[in-house]
Amino acid sequence: MTYIYCMILDNFNGLLKYSLKTISVLLFLTGTSTLAQQTDVPPQKQSRFMDNVRFGGNIGLSFGNGFFTGMLAPSAIYDVNRYFSTGIGIIGSYTDGRNFKSAVYGPSALFFFRPYQGFRLSAEYEQLRVNQTIELTEGDIEDNFWNPALFLGAGFTTGNITAGIRYNVLFDDDDGVYGSALIPFIGVFF
């Protein structure tokens, strides 16, 4: 009887030691993996669409001897990555001269490429509605038309400001909006 009791006790002790070792190893692995999940792997911040959207655009004001022009062109751009951005804008301007009045408005599409920091290449397409009135003694002449423009440009960026020059590849000498195909610009985006 003592022999059977010792054999059962030895088997029980061996089983208990085996079980405790197994449980200890499982607890250690579980605890280590849980700890690793909490400290080794930082939580990933999910990118939201609006985190990559910037607002800005252009503003212009010109006046002189009997002449006034005001222009506002707000835009929103989406930074696809650190090199490419795309966006949309609205353009509106008003000109009042001695015998001339003009209202120009319409949408634009913007594409920016930044090959390296501080330099930006751009392509901008505009489709502008032009309403002009020329006042003559014989009567007013009204001219209403659509004017497309495709600008390819380059500029230097510092902070939120970009200054450069752009060229309208669709420019026509009879263009009722722009006096030249080559136009300097200053743009701001936040």
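**View 1. Strands β3 and β4 form a hairpin with 3 residues between them.** Helices (H or I, at least four residues) and strands (E, at least two) are DSSP runs, numbered from the N terminus. This is a predicted model, in which local features need pLDDT of at least 70 and side-chain atom pairs count only at pLDDT 80 or more, while totals for chains, interfaces and linings use all residues. Residues are numbered from 1 along each chain as its sequence is written, and side-chain values use heavy atoms, with hydrogens and water left out. Two strands count as paired if DSSP finds at least two bridges between them. Between β3 and strand β4 (residues 100-116) there are 13 bridges in the antiparallel sense; G92 has Y105 in β4 as its bridge partner.

**View 2. Strand β3 (residues 84-96) has a covered and an uncovered face.** The covered face includes S85, I91 and T95, and the uncovered face includes F84, I90 and Y94. In a regular strand the side chains alternate between the two faces of the sheet. Strand β2 (residues 67-79) runs antiparallel to β3 and is joined to it by 10 bridges. T95 in β3 is the bridge partner of T69. A hairpin of 4 residues connects β2 to β3.

**View 3. A closed barrel of 8 strands runs β1-β2-β3-β4-β5-β6-β7-β8, with antiparallel pairing.** On average, neighbouring strands of this sheet are turned by 25° against each other, direction ignored (axes are lines fitted to C-alpha atoms, for helices over the stretch in contact, and angles run from 0 to 180 degrees between N-to-C directions). Antiparallel pairing of β7 with β8 covers 7 bridges. I161 is opposite V188 in β8.

**View 4. F119 and F156 form a tilted aromatic pair.** Rings of Phe, Tyr and Trp (its six-membered ring) pair if their centres lie within 6.5 Å; planes under 30 degrees apart count as stacked, over 60 as edge-to-face and the rest as tilted. By this rule there are 6 aromatic pairs. In the pair of F119 and F156, the centres are 5.5 Å apart and the planes 55°. F119 belongs to strand β5 (residues 119-136) and F156 to strand β6 (residues 139-158), 37 residues apart. F119 is buried at 17% relative accessible area, whereas F156 is exposed at 57% (buried means under 20%, exposed over 50%, partly exposed in between; 1.4 Å probe, protein chains only). Together with Y116, F119 and F156 form one aromatic cluster.

**View 5. The charged end of R166 sits over the ring of F151.** The distance to the ring centre is 3.8 Å. A charge sits over a ring if NZ of Lys or CZ of Arg is within 6 Å of the ring centre and within 35 degrees of the ring normal. F151 and Y178 are both buried.
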